[in-house]
Amino acid sequence: MKLCFDAYGQVYLEAKEANGEPDYWKSKLAFGVSEAQKQGERKKEKIWEIKPWGQRVKADLARQRIYFPENASSQELCYALRVMIDTIQLLEKRLPFHAAGIGYRNHCALIFADSGQGKSYLAHLLCGSDQHCRIIGDDHIYLLPGRIQGNRMCRLRDEKGITAEYIKNEGVSIAENIVGICFSKAEENAAYEIPHSQWYEWLAHSDALKYAGSPFRMQGREYRAGELFGCDIEELYQSTLKDGAVQKLFLVKGTHDYAADSIRKYMQDTF
């Protein structure tokens, strides 16, 4: 298996492990065919090899290799890869998020929400009522120079949480300006801008840093990305947030309808 980062920071994956469940992997991971791959410019790519070996997860930064247990399940591997991708992106000074990305003309709004708050539902609510809106990704997002990349499939589930169907997201889009929205369901509606000094706290609270920033388990063992890669994840997020890829961050509380109306009005007035 190979995890490839092209000259733009865009990710694509060469993995037979995904062949059995391609839509599931595309709904959980942001990857695709890179610009460099299309143009035959493989020399510009950074390639990490993912190899089954032993009983533990290990990262070899010098050789750009990641080892995982030989008997890991497809879903365990998919989750672990997401942690690895997000950490590598941070090391390259690019921002990965657990978020929904909405393209509006050549601009983007990122929706952050804790699990169960309905960020995917809010994204579909927005895009279903505005012809200029489209979903780039509804779960896994990277901010790249001048563009964003998101998971290419959306997994729709029924009332019991069982997968009902998959629908396509756009996957990649130009992003001249990017704003973020931390959404929380509440009885009272409110919206205001979050001071930059509080960004990390609110993003962490909204589950935006979930994968690289939280421990994960594989084959009964717990791992942390910072320990595997020898880095401080919080420090990487804090320093990369200062680079200005995200221009503003807002808190929106209330119903999904109120949030959709507030975000739509902001985008129409600003973009």
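Two strands are taken to pair if DSSP finds at least two bridges between them. In this predicted model, strand E1 (residues 2-5) and strand E3 (residues 46-52) run antiparallel and are joined by four bridges. Within this pair, Cys-4 has Ile-47 of E3 as its bridge partner.

Both strands belong to an open sheet of five strands with mixed pairing, arranged in the order E2-E1-E3-E5-E4. The edges are held by strand E2 (11-14) and strand E4 (58-60); each has a single partner strand, so one side of each is left without a neighbour in the sheet. From one strand to the next, the twist averages 20 degrees. Helix H3 (residues 74-91) lies across E1, E2, E3 and strand E5 (65-68), and runs at about 30 degrees to E1.

The largest nonpolar core comprises 62 residues, of which Leu-3, Trp-25, Phe-97, Phe-112, Leu-143, Leu-203 and Tyr-237 touch the most other members. Helix H3 gives the most to this core, contributing nine residues. Another core, of 21 residues, lies apart from it and includes Leu-126, Val-179, Phe-183 and Ile-263.

A further open sheet consists of four strands in the order E6-E10-E11-E14, with antiparallel pairing. Here strand E6 (95-98) and strand E14 (172-174) stand at the edges, and each has a single partner strand, so one side of each is left without a neighbour in the sheet. Neighbouring strands of this sheet are turned against each other by 20 degrees on average, direction ignored. Strand E6 pairs with strand E10 (residues 140-144) in the antiparallel sense over four bridges; in E10, Leu-143 is the bridge partner of Leu-95. Leu-143 is also among the core residues that touch the most other members.

Key
Residues are numbered from 1 along each chain as its sequence is written. This is a predicted model: local features need pLDDT of at least 70, side-chain atom pairs count only at pLDDT 80 or more; totals for chains, interfaces and linings use all residues. Side-chain values use heavy atoms; hydrogens and water are left out. Helices (H or I, at least four residues) and strands (E, at least two) are DSSP runs, numbered from the N terminus. Axes are lines fitted to C-alpha atoms, for helices over the stretch in contact, and angles run from 0 to 180 degrees between N-to-C directions. Contact means heavy atoms within 4.5 Å. A nonpolar core is a set of buried Ala, Val, Leu, Ile, Met, Phe, Trp, Tyr and Cys residues joined through side-chain atoms within 4.5 Å. Buried means under 20% relative accessible area, exposed over 50%, partly exposed in between (1.4 Å probe, protein chains only).
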